[in-house]
Amino acid sequence: MGKVHDYLAKNGFEEVDVTFVMEQIGTLLVSSSTTSEQSIEISVKGKPLFLPSDKATSVALVVNELIQNGIKHAFHTTAVGKIEITTNIRKQMVNIIVSDNGDGMDHSVYAQNSSSLGLHLVEMLVEEELEGILSVFHSNRGTNVSLTFPITN
Ligand SMILES: Nc1ncnc2c1ncn2[C@@H]1O[C@H](COP(=O)(O)OP(=O)(O)O)[C@@H](O)[C@H]1O
Ligand SMILES: [Mg+2]
């Protein structure tokens, strides 16, 4: 994580490429958690996306949590897990989608379980820090988390 941290710690005026940051985090998390019974592939799609380093740091925390959730929770019955991150910009709005082809989540979990700190942290970062909107979709074919926020303050 040192390299990622150094890159994000640039002074606030400097913009950092979050597509690059998400690739670094994803590769690191997946390579350190894949076991012999389970393979997980991660891909990051989208052009370089430059954001002020404070916003980029929030995005990095969010994506870090979502990838870890995929690795930890999604693939109990899936032999080849796929986690895909796509980024798009349209009309000064950034959209980032983190999706997996796993089992999907138990419907009750996200809404009611106050002990699920991770997703509540994600929600807080997206709504408070990024001033954006978070949506979570899930089915028995996987989970799909989408965040949309303005590129400028
Ligand atoms: N990608 C996912 N696939 C399946 N289940 C998930 C996924 N992400 C989250 N969950 C479910 O939602 C719960 C809450 O997630 P989270 O708030 O991050 O808490 P934690 O990861 O600490 O359990 C998880 O315990 C898990 O049951
Ligand atoms: Mg979690």
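Predicted model: local features only at pLDDT ≥ 70, side-chain atom pairs only at ≥ 80, totals over all residues.
Q: Why is Glu-65 called buried?
A: The relative accessibility of Glu-65 is 18%, and buried means under 20%; therefore Glu-65 counts as buried.

Q: Why does Asn-69 count as buried?
A: Asn-69 has 16% relative accessibility. The limit is under 20%, so Asn-69 counts as buried.

Q: Why are Glu-65 and Asn-69 separated by about one helical turn?
A: The two residues are four apart in helix α3, and therefore about one helical turn separates them.

Q: What makes the approach of Lys-72 to ligand 1 a polar contact?
A: A polar side-chain atom of Lys-72 lies 3.4 Å from an oxygen atom of ligand 1. The cut-off is 3.5 Å, so a pair of N or O atoms at that distance qualifies. Taken alone, ligand 1 exposes 540 Å², of which the protein buries 81%.

Q: Which element gives the most to the shell around ligand 1?
A: Helix α3 does, with six residues.

Q: Which residues touch the most other members of the largest nonpolar core?
A: They are Leu-51, Val-59 and Leu-147, in a core of 39 residues. To this core α3 gives the most, with nine residues.

How values were computed: Residues numbered from 1 in each chain as written. Chains lettered and ligands numbered in written order. Heavy atoms only, no water. Core = buried A, V, L, I, M, F, W, Y, C linked by side-chain atoms within 4.5 Å. Buried < 20%, exposed > 50% of the residue type's maximum accessible area, 1.4 Å probe, protein only. Polar contact = N/O pair within 3.5 Å; in protein donor to acceptor, adjacent residues only side chain to side chain. Areas by Shrake-Rupley, 256 points an atom, 1.4 Å probe, with all protein chains shown as cover.
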